Amino acid sequence: MANKKQTGKRMALLFAVLIITLTILLILFAFPDTPTLAESNPDTDRDLEVSVSIFEPGTIQSEIAITGRIKALQQINLFSEVQGVLTGGDRPFRTGVRFREGEILVRIDDTEASLALNAQRSRFLTALSGVLSTLKLDYPDAYSTWAGWAEEFDPTQPLPDLPETDDRQLRLFLTSRGIMEQYYSIQSAEFRLTKYELRAPFSGELEGADLTPGNLVQPGVRLGTFTGDNMELETFISRKDLDYIRPGDAVQLSSPAIGESIDGTIGRIGSSVDPETQAFPVYVSVSDPALKPGLYLQGTIAGQIFTDVSEIPRSLLSRSNTVLISKNGVATHKEVEPVLFQRESVIVSGITAADSLINIRAGFDALAGSEVVVTDVSN
């Protein structure tokens with residue numbers, strides 16, 4: 001009985017081996033051209049093809065990147081110091097209307113004040129005429145001068161200058177009769193009459209018109225806001241860059257909203273540090289009608305000058321401050337010294353004109369030591 005069991009096991013094992021052998025033969029027969037593992041691998045001994053760039057060392061001036069928003073350098077709120085009905089100026093008093101320097105922004109009706117001033121001048125002429133007889137007797141040398149001045153005096157015109165006199169007694173006499181007091185009171189009234197016209201102190205644009213012609217204006221009422229064409233950009237610069245800029249330096253600015261380059265100059269540099277950014281305020285003066293307060297600008301200022309350096313893409317510099325060069329057909333690390341990092345490039349020292357930097361963005365360590373073939377060279 002035991003012999004029969006052993007014989008059965010041998011037969012089952014033999015049958016299984018036969019099945020496996022037949023399966024392998026069928027697979028080999030069905031796929032006779034399948035390559036072996038060694039045949040499927042590429043030729044690992046082939047040299048890698050790379051492109052390189054040559055960077056000539058020389059003198060490079062760095063650029064200090066700045067950003068900021070435009071603020072109005074000249075902006076005033078228009079207030080009335082007198083009372084009256086608002087009338088038009090040289091141009092419509094409306095938001096967005098531009099005025100040139102010296103043009104009348106707005107007038108306030110001065111009819112009543114003008115008539116009152118004429119009456120005040122007439123009273124002054126009456127008082128002066130009353131003292132001429134005394135001048136003829138007591139100050140005969142001054143009489144003809146003052147009489148001629150009174151004869152040419154016109155109550156509807158601004159006061160002319162008083163006749164000059166060195167006689168102290170004459171001045172005291174005129175003062176005692178109220179002549180000098182009335183004269184200076186009229187000058188004060190004439191100056192106040194000029195406040196019925198508001199002129200543009202500089203060329204610019206009326207940004208806000210709070211009142212319209214026909215409104216009654218009270219003293220102290222705001223009429224609007226007038227903004228000049230001169231603007232400034234407020235930006236901040238780090239302490240290390242502050243030593244390389246001066247007021248008057250040129251600044252190149254741009255804005256996606258404008259689409260063109262704008263020239264500016266450094267107007268002034270603040271001495272107080274911003275507690276949050278630890279940077280110093282710099283104010284760039286610009287003048288362009290297209291600029292409006294609140295507009296965001298970016299730009300550059302010429303900074304420090306470096307000698308015997310090269311400017312390379314930041315992607316060619318490894319974290320360990322090395323670049324990969326092709327030396328005698330082998331990719332080799334070369335240590336360099338970065339002196340300034342910029343937005344998309346870095347200024348480094350230690351590169352010569354004989355170095356061929358391999359253009360590679362990743363795999364510094366993997367490629368190092370490999371044999372390479374240079375297929376393209378760019379400067």
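This is a predicted model: local features need pLDDT of at least 70, side-chain atom pairs count only at pLDDT 80 or more; totals for chains, interfaces and linings use all residues.
**Exercise 1. Getting an overview**

Find how many helices and strands the protein has, and what share of its residues count as buried.

*Solution.* Start with the elements: there are 8 helices and 21 strands. Next, look at burial: of the 379 residues, 34% count as buried. Finally, consider the contacts with a separation of 6 or more: 73% of them join residues 24 or more positions apart.

**Exercise 2. Reading helix α4**

Work out how the buried residues of α4 are arranged around its axis, and what they pack against.

*Solution.* Step one is the length. Helix α4 covers residues 140-152, which makes 13 residues, and its first and last C-alpha atoms are 19 Å apart, close to the 18 Å expected.

Step two is to list the buried residues: A142, W146, A147, W149 and A150. Viewed down the axis of α4, the buried residues fall within an arc of 160°, so they line one face of the helix.

The face away from the buried side carries the exposed residues D141, S144, E151 and E152.

Step four is to find the partners: the buried residues of α4 pack against α3, α5 and α6. Is K136 itself buried or exposed? Exposed means over 50% relative accessible area, and K136 has 52%, so K136 counts as exposed.

**Exercise 3. Repeating the analysis on α5**

Describe the buried and exposed faces of α5, then look at what happens at its start and just after it.

*Solution.* Begin with the buried residues of α5, which are L170, F173 and L174. They cover an arc of only 95° around the axis, and therefore sit on the same side of α5. On the face turned away from that buried side you will find the exposed residues R168 and S176. The buried residues of α5 pack against α3, α4 and α6.

Now check the ends. At the start of α5, a side-chain oxygen of D167 comes to within 3.0 Å of the backbone nitrogen of Q169. Just after α5, G178 has a positive phi of about 80°.

**Exercise 4. The surroundings of E232**

Decide whether E232 is buried or exposed, and find which side chain its own side chain makes a polar contact with.

*Solution.* First place the residue: E232 lies in strand β11, residues 230-237. Its relative accessibility is 5%, and because buried means under 20%, E232 counts as buried. Its side chain makes a polar contact with the side chain of R268, at 2.8 Å. Beyond its neighbours within four places in sequence, E232 is in contact with several residues, including R69, K71, Y283 and V286.

**Exercise 5. Pocket and cavity**

Find the volumes of the largest pocket and the largest cavity, and name some of the residues that line each.

*Solution.* The largest pocket has a volume of about 360 Å³. It is lined by 20 residues, and the closest to its centre are E63, I64, A65, F341 and Q342. Elements giving two or more residues to this lining are β2, β11, α7, β15 and β18.

Turning to cavities, the count is 1 of 30 Å³ or more. The largest cavity has a volume of about 70 Å³, and among the residues lining it are R98, E205, M231 and K292. Strands β8 and β10 each give two or more residues to the lining of this cavity.

Terms used:
Residues are numbered from 1 along each chain as its sequence is written. Side-chain values use heavy atoms; hydrogens and water are left out. Helices (H or I, at least four residues) and strands (E, at least two) are DSSP runs, numbered from the N terminus. Buried means under 20% relative accessible area, exposed over 50%, partly exposed in between (1.4 Å probe, protein chains only). A polar contact is a pair of N or O atoms within 3.5 Å; within protein, one must be able to donate a hydrogen and the other to accept it, and residues adjacent in sequence count only if both atoms are side-chain atoms. Contact means heavy atoms within 4.5 Å. The expected span of a helix is 1.5 Å times one less than its number of residues. The arc is that of the directions from the helix axis to the C-beta atoms. On a 1 Å grid over the protein atoms alone, a cavity is a set of points where a 1.4 Å probe fits but cannot get out, and a pocket is an open set with protein on both sides within 12 Å along at least five of seven lines; lining residues have an atom within 4 Å of a point. Grid points are joined across faces, edges and corners, and a volume is the space filled by probe spheres set on the points.
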